[in-house]
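I opened this notebook to look up where the ligands sit and what surrounds them.

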Amino acid sequence: MKIVVAVKRVVDYNVKIRVKADQTGIELAGIKMSMNPFDEIAVEEALRIKEAGKAKEVIAVSVGPAQAQETIRTALAMGADRGILVKAEGEVEPLGVAKILKGIVEAEQPQLVILGKQAIDNDCNQTGQMLAELLGWPQGTFASKVELGAGEVKVVREVDGGLETVELKLPAVVTSDLRLNEPRYASLPNIMSARKKPIAEKAPADFGVDTAPRLKVLKVSEPAKRQAGVKVANVAELVDKLKNEAKVI
Amino acid sequence: MAALVLAEHDNKSLKDATLVAVTAAKALGGDVDVLVAGSGCQAVADAASQIAGVRKVLLVDDAANEHPLAETLSAILVKLAGGYDAVLAPATTTGKNVMPRVAARLDVAQISDITAVISPDTFERPIYAGNAIATVQSSDAKKVITVRGTAFDKAAASGGSAAIEKVDGAGNPGLSKFIGQELSKSERPELTSAKIIVSGGRGMGSGENFKLIEAVADKLNAAVGASRAAVDAGFVPNDYQVGQTGKIVAPQLYIAVGISGAIQHLAGMKDSKVIVAINKDEEAPIFQVADYGLVADLFKALPELAEAL
Ligand SMILES: Cc1cc2nc3c(=O)[nH]c(=O)nc-3n(C[C@H](O)[C@H](O)[C@H](O)COP(=O)(O)OP(=O)(O)OC[C@H]3O[C@@H](n4cnc5c(N)ncnc54)[C@H](O)[C@@H]3O)c2cc1C
Ligand SMILES: Nc1ncnc2c1ncn2[C@@H]1O[C@H](COP(=O)(O)O)[C@@H](O)[C@H]1O
């Protein structure tokens, strides 16, 4: 069986982003880009399932500009077998990405699609759920444990009150949370051999998908800044300030 | 113009996040109905009918909805969506799980985690861990929205007298099944509604040492939170995590102990009214957002603090 993993190219999580002065977006020139951290976890999970002998092939898919190739290469260097780059300029909204992924799923017929729970740039947390609905598949979102059986998959989910376990009929969609696993680093030999692994190139139109955004971004602005306050010398001064100045205790 | 709000509840009580979503729904300018979908959840519907300004409560009470499965709940919402211009849910793990399915079925873009309603089609939402605020205008006829719990006031929980109307569920489509849950038990207030939160980070060193945090929390009737590092290390359960990808909180007082202040953590707590940081490293970024910073060893400061309160 095959596993499809969705990997997005995003601003590296360590970068402190800046809003453009004209409020049209984020300053992206010269900024370090990486694979969305949740997607590294998704790739790792797919590889572990394959290494456990439960899957034959792991396919990494990215929707984005030509440079999203690098993101796919990272997945290949980690151990994915091949990639599909769906070239699209400009931000494709989760609904558009989900429709494209649906097209890929129909062509590849995987039993499992693993995505990140959230892209750390738009913080949408939508794509996996949308894909599951479009396919008519069940979903196990925010996964911290995935146990693949013959016709079903058990997913432990991180929910607001703690943990929840669901059982899904295969085929299914899973989205990764932080505690699912610790992604591996690609070794140098694997990075080298990844260069020879195939990446197919597609366009949204190949799947009949219109990626025109439904949400118009009118502006992107800076949030209100917090002023740094004062340092207190000791616990007694802290308690005094909280009682008599801030009046919060 | 009418909006439907998905109620957050545990079949016994209505969660405050619902009241926040109702406020956001009212800001759209039309009638607001609330959907209570659960099992044995009449008390929740009764509570929802008391919310000020709610027109009608729709109640789906059947065994298939005992636990909020995305596949089951989204089918109900899709069925009901025809009568509404907007469908909203709190941005809880339930709301985040269900609503994108609804949006996909209706073929609309979801607007996640809104923090302001500018007009019935224009909203503010944080992106990049809250380091930027996007103002977005939706061109879809129907809006599917999740609402950030800290961004709107709670609608008054009493004063309303909405009629409760029973509607049929959609059954379980048979794709998924609830197996079990492990909920963190605590006598303390919930993180997302607590007035005071004391959070610990990697600096706590162990789960055992969280006793020092709890001693302070007990004195303040506070909730206990944590950074990702503290959760990853197994000091505390996952649902303690505050941040970009955990819980978003905005209490009156947030005390961060042994937490460096990574942007992903700040994303979850920087709208707190007063922030206190206790950290032994005076260069820690958390001090840049703290109203009161104490440069100290937490193992000395926390017992002193518990004593002084
Ligand atoms: C995709 C992604 C999502 C993430 N989401 C979140 C999120 O939702 N929430 C979150 O919190 N993080 C999140 N993170 C992680 C985040 O980047 C940081 O790694 C994390 O917040 C660090 O936790 P910390 O401050 O406890 O640990 P550290 O950064 O290691 O800081 C520990 C601090 O404790 C202090 N300290 C140590 N000993 C003592 C002592 N004895 N007394 C006083 N102070 C002491 C140190 O000076 C230090 O400042 C995410 C990261 C990624 C990549
Ligand atoms: N452009 C994209 N290319 C590939 N995968 C994507 C893309 N956008 C979103 N995804 C996947 O969907 C997940 C959730 O993204 P989002 O719904 O945007 O928060 C990500 O972690 C990815 O796995």
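**Entry 1**

I am working from a predicted model. I read local features only where pLDDT is at least 70.

**Entry 2. Ligand 1**

I then listed the residues around ligand 1 and got 29 of them. Those that come nearest are Arg202(B), Ser227(B), Gln241(B), Ser260(B) and Asn279(B).

I sorted the shell around ligand 1 by class and got eleven nonpolar, 13 polar and five charged residues. I also looked up which elements supply at least two residues each to the shell around ligand 1. From chain A there is α1 (37–51), and from chain B there are α6 (228–232), α7 (263–269) and α8 (298–308).

The side chain of Arg202(B) has an N or O atom 2.6 Å from an oxygen atom of ligand 1. Gln244(B) approaches with its backbone, where an N or O atom lies 3.3 Å from an oxygen atom of ligand 1. Lys280(B) also uses a backbone N or O atom, 3.1 Å from a nitrogen atom of ligand 1. I then looked up the area: ligand 1 taken alone exposes 980 Å², and the protein buries 86% of that.

**Entry 3. The pocket of ligand 1**

Which pocket does ligand 1 sit in? I found ligand 1 in the second largest pocket. The second largest pocket holds about 1,600 Å³ of space. I counted 48 residues in its lining, and the closest to the centre of the pocket are Tyr13(A), Asn14(A), Pro37(A), Leu178(A) and Arg228(B).

The elements that give two or more residues to this lining are β3 (33–35), α1 and α2 (68–78) of chain A, together with α6 and α7 of chain B. I noted that α2(A) gives the largest share, six residues. By class, I have 19 nonpolar, 17 polar and twelve charged residues in the lining of the second largest pocket.

**Entry 4. Ligand 2**

I listed 19 residues around ligand 2. The closest are Asp39(A), Val63(A), Ala119(A), Asn125(A) and Thr127(A). The shell around ligand 2 divides into nine nonpolar, eight polar and two charged residues.

Asn36(A) places a polar side-chain atom 3.0 Å from an oxygen atom of ligand 2. A side-chain N or O atom of Asn122(A) is 3.2 Å from an oxygen atom of ligand 2. Gly116(A) uses a backbone N or O atom, 2.9 Å from an oxygen atom of ligand 2.

How much of ligand 2 does the protein bury? Taken alone, ligand 2 exposes 480 Å², and I found 98% of that buried by the protein. The elements giving two or more residues to the shell are β4 (57–64), α3 (94–108) and β6 (112–116) of chain A. The largest share, three residues, comes from β4(A).

**Entry 5. Cavities**

I searched the whole structure and found three cavities of 30 Å³ or more. The largest cavity has a volume of about 90 Å³. Its lining draws on both chains, including Val11(A), Tyr13(A) and Ile120(A), and also Tyr128(B), Gln244(B) and Ile263(B). I sorted the lining of the largest cavity into eight nonpolar, three polar and one charged residues.

The second largest cavity has a volume of about 50 Å³. Among the residues that line the second largest cavity are Gln139(A), Arg157(A), Glu164(A), Pro68(B), Glu71(B) and Ser176(B). I found that β9 (162–169) of chain A and α3 (70–81) of chain B each supply at least two residues of this lining. The largest share, three residues, is from β9(A). By class, the lining of the second largest cavity has five nonpolar, three polar and three charged residues.

**Entry 6. Backbone**

Most residues other than glycine have a negative phi, and most peptide bonds are trans.

I noted a cis peptide bond between Leu170(A) and Pro171(A), with omega about 0°. Pro171(A) is in the loop between β9 and β10 (172–176) of chain A.

I also noted Asn125(A), a residue other than glycine with a positive phi, near 60°. Asn125(A) lies in the loop between β6 and α4 (127–135) of chain A.

Conventions: Residues are numbered from 1 along each chain as its sequence is written. Chains are lettered from A and ligands numbered from 1 in the order in which they are written. This is a predicted model: local features need pLDDT of at least 70, side-chain atom pairs count only at pLDDT 80 or more; totals for chains, interfaces and linings use all residues. Side-chain values use heavy atoms; hydrogens and water are left out. A residue is near a molecule or strand if one of its heavy atoms lies within 4 Å of it. A polar contact is a pair of N or O atoms within 3.5 Å; within protein, one must be able to donate a hydrogen and the other to accept it, and residues adjacent in sequence count only if both atoms are side-chain atoms. Accessible areas come from the Shrake-Rupley method with a 1.4 Å probe; for residues, only the protein chains shown count as cover. Helices (H or I, at least four residues) and strands (E, at least two) are DSSP runs, numbered from the N terminus. Ala, Val, Leu, Ile, Met, Phe, Trp, Tyr, Cys and Pro count as nonpolar, Asp, Glu, Lys and Arg as charged, and the others, Gly among them, as polar. On a 1 Å grid over the protein atoms alone, a cavity is a set of points where a 1.4 Å probe fits but cannot get out, and a pocket is an open set with protein on both sides within 12 Å along at least five of seven lines; lining residues have an atom within 4 Å of a point. Grid points are joined across faces, edges and corners, and a volume is the space filled by probe spheres set on the points. A molecule sits in a cavity or pocket if more than half of its atoms lie within 2 Å of its grid points.
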